[in-house]
Amino acid sequence: MSNPFEAFEIELPDDVSPELRAQLESALAGTAGVDQCGQGDARSLDPGSLTMWITLAGTVVTTVGAAVPVVKQIIELFRGKGIKGAKLVLADGSVLQADEISVDDLMKLAGKG
């Protein structure tokens, strides 16, 4: 089974300012386990949303369970910034509501729960 968290997008609500997006990108780039991240050039399928993309480091994605703490940190970052309505869109098409997902849910999705 490939790691569903290897690379994913984050859909941001349209009320997230450019300054906050830049802060998020900087914080994500400094998160242990994140290999690369950036802001999407185009709006997602929902024209009211903006996207960011993230790829995790190879050492993290070799074990699915190892990605869960990194994804948890990313979700906590968004919650800490007060962003409501952000969604994680995984490569397999799964969509996770950042406001609602728990560590247990992440583990189940990763096949470790």
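Predicted model: local features only at pLDDT ≥ 70, side-chain atom pairs only at ≥ 80, totals over all residues.
Modeller: Two strands are said to pair if DSSP finds at least two bridges between them. In strand S5, Leu-96 is the bridge partner of Leu-88.

Colleague: What makes S4 and S5 a pair?

Modeller: The requirement is at least two bridges. S4 and strand S5, residues 95-97, have three bridges, in the antiparallel sense, and therefore they meet the requirement of at least two. The two strands form a hairpin with four residues between them. In the turn, Gly-93 has a positive phi of about 95 degrees.

Colleague: How do you know that S1 and S4 pair as well?

Modeller: S1 and S4 are joined by four bridges in the antiparallel sense, and the rule asks for at least two. Ile-10 stands opposite Leu-88 in S4.

Colleague: Why is Glu-9 called partly exposed?

Modeller: Buried means under 20% relative accessible area, and exposed means over 50%. Glu-9 has 34% relative accessibility, so it counts as partly exposed. Glu-9 is found in strand S1. Leaving aside neighbours within four places in sequence, the contacts of Glu-9 include Thr-51, Trp-53 and Leu-88.

Colleague: Where do Glu-76 and Lys-72 lie relative to one another?

Modeller: They are four residues apart in helix H3, and therefore about one helical turn separates them. Glu-76 is partly exposed, with a relative accessible area of 40%, and Lys-72 is partly exposed at 32%.

Colleague: Which residues have the most contacts inside the largest nonpolar core?

Modeller: Among them are Phe-5, Ile-10 and Leu-56. This core has 30 residues. Strands S1, S2, S3 and S4 and helices H1 and H3 each supply at least two residues of it. H3 gives the most, with eight residues. In soluble globular proteins, nonpolar side chains tend to be buried together.

Colleague: What is Phe-5 in contact with, leaving aside its neighbours within four places in sequence?

Modeller: The contacts of Phe-5 include Leu-56, Val-71, Leu-96 and Leu-109.

Technical notes:
Residues numbered from 1 in each chain as written. Heavy atoms only, no water. Core = buried A, V, L, I, M, F, W, Y, C linked by side-chain atoms within 4.5 Å. Buried < 20%, exposed > 50% of the residue type's maximum accessible area, 1.4 Å probe, protein only. Contact = heavy atoms within 4.5 Å.
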